[in-house]
Amino acid sequence: MISHFFIDRPIFSAVLSIVLTLAGLVSIFSLPVAQYPEVTPPTVLVTALYPGANAKTVNDTVAAPIEQQVSGVENMLYMSSKCTNDGAYQLTITFKLGTDSDMAQVLVQNRVSLAQPVIPDLVQRQGISVKKMSPSTMMIVNLVSANGAHDDIYLSNYATIQIKDELGRLEGVAAVTYLGQRDYSMRAWLKPDRLAAMSLSTDDVVNAISTQNIQVAAGAIGMEPIAPGQEFQLTINTLGRLIDAEQFGNIIIKANSSNELNPSSSTSAAVVRLRDIARIELGSQQYDQTCTLDGKPSLAMSIYQLPGSNALKTAQGVYRKMEELQKGFPDGVEYKIVYDTTPFIKESIGEVFKTLRDAIILVAIVVLLFLQNWRTTLIPLVAVPVAIIGTFSVMSALGFSLNNLSLFGLVLAIGIVVDDAIVVVENVERWLHHGLSPRDAARKAMDEVTGPVIAVALVLCSVFIPCAFISGITGQFFRQFAITIAVSTAISAINSLTLSPALAAILMQPKGAKRDPLTWILDMTLGWFFKLFNVFFDFATRVYTQFVSFSLRATILVLALYVGLLLLTWKEFSEAPVGFVPNQDKGYLMLSVQLPDSAAVGRTREILSHIESIVKKTEGVAHTVSVSGQSLLLATNASNLGSMYIMLEEFSKRRGLSAEEMASKIRKDCLAEIRDAQVSIFGAPPIDGLGTTGGFKLIVEDRGNLGLDELQRVTDKIVDEANNTPGLQGVFGSVRSNTPWLNLDIDREKCLALGVSPSDVFQTLQIYLGSYYVNNFNRFGRSWQVNIMADA
């Protein structure tokens with residue numbers, strides 16, 4: 001028998017177990033830590049911007065060609081897009097689980113490049129971004145001006161220049177994005193009346209900036225080939241790209257020898273400069289979003305975790321880096337991290353580790369209580385760390401993480417691990433009572449239990465291993481749980497065939513042997529308790545025996561009871577609520593605000609400010625991070641949308657208040673005080689990455705090409721019926737096909753009769769009302785946009 005080999009060579013069996021344990025100890029420090037296994041499908045995000053265009057124009061000119069090419073890309077599950085009236089376009093492509101995210105990004109990029117020839121030139125110059133993106137935010141770093149000396153434009157660009165790249169280089173950080181972004185832009189606010197008075201068009205302005213703010217490659221003097229005797233080679237440098245508002249103001253729009261031009265200009269009457277027809281400033285590229293922290297202006301940096309990385313280590317790295325960078329902050333600038341999902345992960349993983357610890361202690365107590373000998377108790381307890389810690393090495397090799405499910409599998413495995421060792425010890429103990437020596441008793445016992453130990457291990461593995469072959473998110477979710485139990489069971493069986501019999505042959509004493517000091521101390525301290533337990537256990541055994549005897553005589557009654565239990569089980573099973581993962585209190589809530597269509601962003605800010613005052617009065621709320629002009633729930637931008645993260649106090653400080661209770665109170669208070677907006681409050685998603693909040697999403701598709709109006713009607717009907725359905729609340733739709741628009745009817749015939757091209761009219765409209773990106777300038781070591789628009 002294989003066990004005889006290890007009984008005769010106890011050092012070899014010990015070394016084998018030590019190697020397994022050391023491998024597990026080394027691996028545990030490299031395992032990523034997460035709340036759940038990686039079940040989020042890889043996603044690729046395509047974004048584009050068409051300044052001045054409405055949602056329909058973006059859909060026709062940008063979305064249609066891109067989606068026509070991207071549809072059907074390899075391993076794609078589905079894709080969804082959003083077009084908004086601020087000219088923004090966003091396409092999210094979701095891929096099958098297991099798809100390499102880098103390859104998915106490359107495949108999408110290739111498909112998008114096929115669509116670019118038919119996409120408007122302005123969109124291409126703005127840039128079409130294709131990024132792999134984790135769909136959930138790990139943490140948010142807020143920059144605030146404590147003394148109010150710095151505005152949001154300064155905070156945003158300080159973060160861009162000094163902080164973003166530093167955080168993006170940290171291990172485990174996938175991307176850093178902004179809430180309330182305010183990138184620098186050289187803004188030329190045109191004065192249409194001045195342009196008309198000087199007989200200038202917007203094309204003249206665009207052409208002047210394009211030709212006079214340009215990077216120049218001026219070459220050098222003295223380059224070869226050249227006549228002999230040249231002593232120097234000098235590089236030529238000239239002013240090409242402009243730097244500041246004064247230089248842009250000096251751009252010449254028109255030069256004329258006559259004196260008919262603006263006589264009040266500070267320049268020569270024959271020259272019209274940009275400052276004569278526009279107000280130039282170093283402003284912001286975006287003005288349609290604002291972010292606040294606890295009601296104060298702020299810039300929020302959303303940090304996304306790299307898939308497969310250690311969330312806790314990544315968060316610790318962010319905290320350390322921000323502490324380091326804070327030493328160089330300007331006066332009045334400080335950072336705060338109020339949104340952080342890792343404390344919940346840390347606490348949940350910590351609770352599982354505590355459960356693991358308590359399980360080992362309870363197992364030790366139970367084993368000692370029944371075996372009542374420290375020698376026989378030690379053998380099963382040694383098997384626990386060998387099997388549990390050894391499993392970590394296999395988890396590392398398979399790419400698993402330390403999460404609630406894998407650790408819960410280890411908790412359940414503790415009982416299985418101890419059972420195998422107890423079977424060996426009890427059988428050795430039985431043969432010792434027959435008068436055999438410990439070595440002979442171990443040999444005899446293993447001859448009897450080797451087959452059963454192997455059979456039990458194979459049976460348990462056959463129960464859990466099939467779970468590894470379940471497809472989809474469900475299979476990915478439970479795979480680590482099943483494999484962890486199967487591996488620990490296999491290691492336990494190996495341990496029971498190697499280390500346990502070897503230890504039994506060494507530690508266990510023959511019948512009638514003299515008590516050692518430790519046994520004597522154990523008998524003196526706990527002997528009385530063991531006697532009481534034995535009396536109680538004998539009594540319980542007799543009662544159980546009598547019950548079994550009665551059951552054998554009343555088989556009909558027992559069968560009836562059994563059938564009744566089956567029916568009760570079926571009834572409870574059919575009536576119990578069904579769900580994937582229960583909702584959890586993760587320490588924050590998500591609030592979404594939607595004003596009437598086309599409401600200005602200023603109104604949205606006012607409503608959010610009012611809601612913040614309501615939320616701050618709610619017991620258990622610690623901080624708020626709000627964004628005007630953007631819906632984090634819908635992942636879209638619009639002037640009438642707003643969002644708010646409501647950060648709750650630590651669990652120990654809430655005095656029993658749950659996130660759901662606080663959400664209900666805030667929902668009730670907002671319903672009573674907020675009349676001009678629809679306010680919805682949601683809990684955190686049970687699994688980060690599968691949705692932005694708790695609940696679920698339903699997609700309504702127009703497959704019959706019935707039009708947006710019909711899609712809006714059907715969607716509104718579904719929403720109304722859902723909100724009147726018991727068990728559902730806060731149901732709303734994102735489609736807005738009836739948003740108020742101003743329709744400008746251009747008489748094209750009259751345009752052509754007056755010698756004006758309709759395209760010039762359209763471009764003038766875009767420049768005056770929609771903002772126009774001309775080119776770039778350099779400052780602070782970075783490249784920024786030059787934009788022109790009509791002054792207010």
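The following legends describe close-up views of a predicted model.

Local features are reported at pLDDT of at least 70 and side-chain atom pairs at pLDDT 80 or more, whereas totals for chains, interfaces and linings use all residues. Residues are numbered from 1 along each chain as its sequence is written, and side-chain values use heavy atoms, with hydrogens and water left out.

**View 1**
Helices (H or I, at least four residues) and strands (E, at least two) are DSSP runs numbered from the N terminus, and two strands pair if DSSP finds at least two bridges between them. Strand E1 (residues 43-49) is joined to strand E3 (residues 88-95) by 7 bridges in the antiparallel sense, and Leu-49 has Ala-88 in E3 as its bridge partner.

**View 1. The mixed sheet E12-E7-E21-E20.**
This open sheet has 4 strands in the order E12-E7-E21-E20, and its pairing is mixed. The twist averages 25° from one strand to the next. Strand E7 (residues 184-190) runs antiparallel to E12, with 7 bridges joining the two; Ala-278 in E12 is the bridge partner of Leu-190. Helix H8 (residues 202-212) packs on the sheet, touching E7, E20 and strand E21 (782-790), and its direction makes about 25° with that of E20; contact means heavy atoms within 4.5 Å. Helix H23 (residues 758-770) lies across E7, E20 and E21, at about 105° to E21.

**View 2. The enclosed strand E5.**
Strand E5 (residues 139-145) is largely enclosed by the rest of the structure, because 7 of its 7 residues are buried, that is, under 20% relative accessible area (1.4 Å probe, protein chains only). Met-139, Val-141, Leu-143 and Ser-145 are buried on one side, and Ile-140, Asn-142 and Val-144 on the other. E5 pairs with strand E14 (residues 296-305) in the antiparallel sense over 6 bridges, with Val-144 partnered by Ser-298. E5 also pairs antiparallel with strand E15 (residues 333-340) over 6 bridges, where Met-139 stands opposite Asp-340.

**View 3. Ser-27 in helix H2.**
Ser-27 belongs to helix H2 (residues 10-28). At 11% relative accessibility, this serine counts as buried. Leaving aside residues up to four places away in sequence, Ser-27 touches Phe-392, Ser-393 and Ser-396.

A search of the whole structure finds 1 cavity of 30 Å³ or more. A cavity is a set of points on a 1 Å grid over the protein atoms alone where a 1.4 Å probe fits but cannot get out, and lining residues have an atom within 4 Å of a point. The largest cavity holds about 30 Å³ of space, the volume being the space filled by probe spheres set on points joined across faces, edges and corners. Its lining consists of Gln-35, Thr-341, Phe-344, Ile-345, Lys-586, Tyr-588 and Asp-688.

Key
On a 1 Å grid over the protein atoms alone, a cavity is a set of points where a 1.4 Å probe fits but cannot get out, and a pocket is an open set with protein on both sides within 12 Å along at least five of seven lines; lining residues have an atom within 4 Å of a point. Buried means under 20% relative accessible area, exposed over 50%, partly exposed in between (1.4 Å probe, protein chains only). Axes are lines fitted to C-alpha atoms, for helices over the stretch in contact, and angles run from 0 to 180 degrees between N-to-C directions.
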